[in-house]
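Dear colleague,

Please find below the structure that I am handing over to you.

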Amino acid sequence: MAEEFLRIDKLVKTFGGNQVVKGVDLSFNKGEFVSLLGPSGCGKTTILRMIAGFERPDSGRILVEGKDISGLAPNQRKIGMVFQAYALFPNMNVADNIGFGLKIAGMPKPQREARIEEMLQLIGLSGYGKRYPFELSGGQQQRVALARALAPSPRMLLLDEPLSALDAKIRVSLREQIRQIQRELGITTVFVTHDQEEALSISDRIVVLNTGNVEQFGQPFEIYNRPQTRFVATFVGTLNTLNATVADAGAKTVTLGGTTVTIPALPASARNGEAVALTMRPEAVSLANGATRDIVLDGKVAEVSFLGSVIRLKVDLGDNAVNLDTFNDQRTPPPAHGAPVRIGIASSDVLVLER
Amino acid sequence: MKPAKLWSWIIFAFGAAYFIVPLLATFEFSLRIRREGYTFDAYTSVFSDGRFQASFSYSLLIGVCAIIVGLLIVVPAAYYVRLRAPHLRPIIEFITLLPLVIPAIILVFGYIRMYNTSSALPLLGTNLGTDILLTLAYVALALPYMYRAVDTGLRTIDVQTLTEAANILGANQATIIAKVIFPNIIVAVLSGAFLTLAIVIGEFTIASLLNRQVFGVYMQNVGANRAFEPAALAVISFVITWGAMGMIQLLARFAPKTARRD
């Protein structure tokens, strides 16, 4: 069983009468990379700032390796943090920035210089020690900020949307580098982001937050494929919603576009005649493949979006519309706008949400 | 040349002449101490006067003390207001403007009444006490300029994030101000310092009523008894003030540059 490292216990925080964190309970394992994912105002940054010590919880506890750190000042917590705005000290060069925490800790100069060099190598910026922050690109500055946070060997690393200020290409390469360094060091990391793709690609586990509550906490695969709430289903990834009516609740059948189909995920609480929303990811819908899927529907192509390796089609089904993704095949051009198509859906891929 | 551009130059020349002509006239007058032609004798006379050296050194010393005390008060106060109490900014700004509204003579009469030899804190009873009082008076006098200079400097950096970044790396508040905040607003701080110095060098009212022989008082004495030396002193005073302003411009070139975002 994985060793618990950080425990957040019934954490509550209110700003000016507005409760932004509502009794959150979480437990992170040692060496784990966990993302706090949610829209603006969901409380993710507030939770991170409470872990760092910049905000004091109204109630609840934060325990690191079983010890309550809620009462400690930020400079006593031995936590490293990387900020969205880099926050490098403009008056110091790269080496001095990285060595700042080491100097504060009273590390002798020879060891400090060795550690700075080690950190520069870790982030791939050897030879940049004498440069000033304004001489670096955004990506380089954020790598220096990462090295500065890691230099004093903190017991935990907090990342507050560190990639948001960077352009798309650098964002992807830097997130891979962050993940690689985190794995190398085995440091427990909490990463705040509002970008679901970022969270899904980088994390061991994801906490999906909404209006101060935890909606779901699990591995990216679970979060994406088995969303437990409507919010998670709609916030993470693209979701198709088909309106249907329960035909026979006992037999788990619904009427969809004039045909009756069996939906294994239909909840036991469903009643005959009740309207339900059947949801599925675009990749769960396939084209001209009705034979291998148990739900087959006919429609017309409403939109064709060529996305490079993938082609996204919007198919009009009369009462409903569905998006589907299909791989780009050089030998088979995508169907034309208005062309009749037959789509197939595996009923085991369908989730049922309340309407 | 386009008419609009020509007019711009005419207005500029007129404005420049308004400032430069009286200065040139004063300078020209300061050179006419001898009938036979222009000489720098008035300047030689001023520089060789022991009272000039004493009063100028004293003003400089009090000025430096006022700068140090002012910075020790203003930098942490402006920093704290920006970081923790931004809602107090209008109140603090109003307080720092008071020295511009309340004449120096009111301030000094208040001091004399509060700190005379029969008061609970008889600072005026000793030379050191009077020097301290004069320094504090100059701190108050320079407060509007010092606060604004420091506050402008703080506005150019992300005070909160830099503070948090240093804090989580283990630094305490004093270290953060000394190692992170202060070096990044040094140019603004020096602007405030030179403005303070310029004010102190020319100040007369407070020093005169506290019976301190500062440069301003010396200038007034010389002006009352001599003809050409006051003009030389006025030119010297302008050179010092402009020197201070030039230093501000020069130091701005060495400002720590902010991070490039790309």
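Which domains does the domain assignment give for chain A? The assignment, which is automatic or taken from a database, gives domain 1 (4–235) and domain 2 (240–353).

Two remarks on conventions. This is a predicted model, in which local features need pLDDT of at least 70 and side-chain atom pairs count only at pLDDT 80 or more, while totals for chains, interfaces and linings use all residues. Residues are numbered from 1 along each chain as its sequence is written, chains are lettered from A and ligands numbered from 1 in the order in which they are written, and side-chain values use heavy atoms, with hydrogens and water left out.

Domains of chain A

The centres of domain 1 and domain 2 of chain A, taken over C-alpha atoms, are 39 Å apart. In their contact (heavy atoms within 4.5 Å), 7 residues come from domain 1 of chain A and 6 residues from domain 2 of chain A. About 640 Å² is buried between these two domains, with carbon and sulfur atoms giving 49%; buried area is the accessible area (1.4 Å probe) lost by two parts on being put together, summed over both. On the side of domain 1 of chain A that touches domain 2 of chain A, α7 (220–225) and α8 (230–235) of chain A each supply at least two residues. The most, 3 residues, comes from α7(A). Helices here are DSSP runs (H or I, at least four residues), numbered from the N terminus.

Contact between chain A and chain B

Here 29 residues of chain A meet 25 residues of chain B. The two chains bury about 2400 Å² between them, 64% of it on carbon and sulfur atoms. Asn75(A), Pro90(A) and Phe134(A) supply 24% of the area that chain A buries against chain B, more than any other three residues.

How many salt bridges does the rule find across the interface of chain A and chain B? It finds 1 salt bridge. Arg49(A) forms a salt bridge with Glu164(B), and their closest N and O atoms are 2.5 Å apart. The elements giving two or more residues to the side of chain A that touches chain B include α1 (44–52) and α4 (138–150) of chain A. The largest share, 4 residues, comes from α4(A).

With kind regards

Methods:
Salt bridge = Lys/Arg side-chain N within 4 Å of Asp/Glu carboxyl O.
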